[in-house]
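Please keep the sequence and the model in view while working through them.

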Amino acid sequence: MALSNLREYVRPDGLDMALSLVKEKGRSARVIGGGIDLVRSSSPDIETLVDLSQLSLSYVRQTDKGIAIGATTTLTEIVEAPVLNNYLQGVVVEMLRQVGAPSLRNLASMGGTLASAHPWSDVITLFVALGAQVTLYNGVTRMVPLSDLYASRALLSPAIITEALLPAYAHGTAAAFMKFSRTKFDIAILNCACLISTQNGDCESVRLTAGGTPQLAALLPEVAEVLLGRKLSQTSIGQAAEMARETTLVRNDLRASGNYRRELVYAGVKRCLTCVSTHLSGASQ
Ligand SMILES: Cc1cc2nc3c(=O)[nH]c(=O)nc-3n(C[C@H](O)[C@H](O)[C@H](O)COP(=O)(O)OP(=O)(O)OC[C@H]3O[C@@H](n4cnc5c(N)ncnc54)[C@H](O)[C@@H]3O)c2cc1C
């Protein structure tokens with residue numbers, strides 16, 4: 001039975017109070033965002049839930065560093081934030097519209113989505129490609145690349161995610177996201193994302209990620225290497241997609257075979273790069 005030993009539901013009105021509860025109670029206390037993952041947890045350890053909703057962490061703001069998203073902001077609030085419509089051709093909104101169903105997005109929070117670290121997460125695959133940063137509070141506030149959070153889970157024990165930052169990018173940068181799933185509301189069999197910055201039409205920096213692979217939001221450096229210093233053309237895009245098929249680690253599970261996923265990586269990378277190429281050529285006209 002889910003949360004069968006739950007005894008306490010606390011809504012602290014300060015971040016220090018929230019952190020001290022988590023520190024003091026150890027594994028028996030969990031921070032709760034939307035609760036989508038937590039309410040399904042059958043862990044007998046959980047006795048206290050620490051709700052962050054009184055901490056004024058629900059916002060999406062344009063700052064000089066980029067777009068800041070507070071940890072308790074729901075995915076629906078993020079989709080509806082006008083500031084994201086023009087951020088990298090609206091890629092974040094496009095991705096979020098493919099996360100579960102509207103009822104799930106009405107509850108799921110930014111912090112819970114990043115902390116739950118599902119290997120097939122659409123949000124994490126795109127945010128790592130975009131070079132997102134995350135702000136953690138463990139008595140001191142520090143900002144780290146989101147990818148570091150998954151390289152070392154120790155960063156979260158104990159710490160509270162307070163914000164995600166999507167960096168600002170100059171003209172000549174475009175991004176794309178692609179998801180393959182069995183139905184519209186299902187989780188991804190495989191997803192991928194890319195962010196490309198160009199100088200005089202040549203790829204100057206390239207970040208590609210794939211999710212639904214054994215590694216969470218795996219970066220694909222060999223694929224990026226194929227594109228660096230080159231223009232996006234049918235030839236370079238085709239070569240990059242071939243490299244993705246050859247080098248991306250994939251696995252068999254109940255949703256799909258590794259061989260099928262390899263073909264999806266090929267198709268996903270090709271579609272992402274074609275989409276970015278279209279965005280960039282539209283921007284230069
Ligand atoms: C039916 C279904 C379909 C789904 N479909 C998709 C999909 O298509 N694409 C996709 O990407 N995802 C999908 N998901 C995953 C879903 O998006 C996540 O479960 C959800 O975003 C978790 O957010 P939450 O706020 O509800 O987390 P919670 O359940 O509240 O918390 C999850 C974990 O994060 C911790 N946590 C919460 N907030 C913080 C914080 N601020 N700091 C530190 N730790 C924190 C909690 O302690 C807990 O361990 C699906 C899930 C379900 C159940």
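Two exercises with worked solutions follow.

This is a predicted model, in which local features need pLDDT of at least 70, side-chain atom pairs count only at pLDDT 80 or more, and totals for chains, interfaces and linings use all residues. Residues are numbered from 1 along each chain as its sequence is written.

**Exercise 1.** Determine which residues and elements form the shell around the ligand, and where the ligand lies relative to the domains.

Solution. Step two: two or more shell residues come from each of β2 (29-32), α4 (102-107), α5 (110-116), α6 (122-129) and β8 (160-167); helices (H or I, at least four residues) and strands (E, at least two) are DSSP runs, numbered from the N terminus. Among them, α5 gives the most, with five residues. Step three: because domain 1 (8-51) and domain 2 (60-167) both give residues to the shell, the ligand lies between them; the domain bounds come from an automatic or database domain assignment.

**Exercise 2.** Describe the overall build of the protein chain.

Solution. Step one: the protein chain holds ten helices and twelve strands. Step two: its C-alpha trace spans about 60 × 45 × 30 Å along the principal axes. Step three: 42% of the 285 residues count as buried, that is, with 20 or more other C-beta atoms, placed from the backbone, within 10 Å of their own.

Key. A residue is near a molecule or strand if its C-beta atom, placed from the backbone, lies within 6 Å of it. A residue is buried if 20 or more other C-beta atoms lie within 10 Å of its own, exposed if 12 or fewer, and partly exposed in between; C-beta atoms are placed from the backbone.
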